Amino acid sequence: MNECDKLLLDSLSCYMNDSTLVSEFDKKLAEDLIERSIEQKVLPIVFLKNSSVFQKVLEPMAFMKLKTEVLFSTSAQIQRSAELVRVVNILRNNGIGSIVFKGAVCRAMYTLPEYRISSDEDLLVSKYNLEMASQILLDNGYRLLDSKNGEMKLINTVLNSILELHSSLIDESGSDKLAEIGMLFASQINYPIAVNTEGGEIYTFSPTYGFLSLCIHFFNHFVRGGIGIRPVMDIACFIKTYKDNIDFEQCFSVLKSINAEMLILTVISLCKRYFGIDCDYSGNENVVDNLLIDIMDAGVYGTADESRLHSAGVTRSLARDNGSVIGSVFSAIIPSKKKIISEHPELKEKNGEINKYRIKRILNFAEKKGKLDVLKSTGKRNKLLKELEVIK
């Protein structure tokens, strides 16, 4: 592990465990650390734990710019958290139950929640209430940004706060098993638990389903472009907070059905090694380092590297097709009409537009050196998928 990544992990560990980090580094390492922290969307945390060294090694104007950016991010996060509580109460007062998941729930577990930032907030509502919930928010200061596949993305333009309404936690179109898991989560909307956040009270899953939702979210992004270190922190904090209330056997039974069990067990091993959590479960210790390298290179949701971003469809298909490289690459480059329509409902009944979309995919894949980089990235990640038993 390089010095920059080690310092970043030490910073995150100290934040999670509310301890002091003793660090010394020069201007070059400071600049590398800042860049890496931005890729992983953990800059406020890293600044919090290293501010005195940053102030010493950076030019005064550079330090003030960095400090201002962090203050803006944390202040905006406090506003978004309060806004989320308002939204939950508006929906509840209109007879619509919702489940808050991911970022807002995880933030509540940290000593300084506002330093764990999110670009948006996520709510699960019944598919029967999705349209109504969206309309209520439109009547209360929101504007619709996007709507597809049972999800609606809205924005409060005053606070620049983005909210995603979900009718399912998982893409149920992939298989009967995925549809079954989607129904499992949907059934929990009627059994929420209250959690106090820095903005007020919200409602979320029970510890077992909360942990399972984090794991499936991690798996979904991992088999695409990849996933960064922040979701690993969330899993570590969740186990640390709710370990005695999580039915791990039930969770691993569900994860096993979609070939995600060994991945999450290895993530737990990573959490034990670098974040000091106490847990009876562990995965493939020999793969922890390779998994960590993949996570650090990915950035949040695999967007740090262009070749990984373009290989996302290939690796996702590899996981679904259980390692059939030829078929997976073909389906990623030239997707079926059904797959295109599922991703772009607006193209339904527009065969000409669907063909144009396919041609664009092929040209994007073949241009410049992209094809070679995508194939290299796919090969490397295919090996890791096998090591983690995502591909049997």
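Modeller: The side chains of Arg116 and Asp234 meet in a salt bridge, with 2.4 Å from N to O. This pair links distant parts of the chain, since Arg116 sits in the loop between helix H5 (103–107) and strand E2 (120–124), and Asp234, 118 residues apart from it, sits in helix H9 (residues 229–242). The model is predicted, so local features need pLDDT of at least 70 and side-chain atom pairs count only at pLDDT 80 or more, while totals for chains, interfaces and linings use all residues. Residues are numbered from 1 along each chain as its sequence is written, and side-chain values use heavy atoms, with hydrogens and water left out.

Biologist: Why is the contact of Arg116 and Asp234 called a salt bridge?

Modeller: The term asks for a side-chain nitrogen of Lys or Arg within 4 Å of a carboxyl oxygen of Asp or Glu; the value here is 2.4 Å, so the pair qualifies.

Biologist: What makes Arg116 buried or exposed?

Modeller: Buried means under 20% relative accessible area, exposed over 50%, and partly exposed in between (1.4 Å probe, protein chains only). Arg116 has 5%, and therefore counts as buried; Asp234, with 4%, is buried too.

Key: Helix = DSSP H or I, 4+ residues; strand = E, 2+ residues; numbered from the N terminus.
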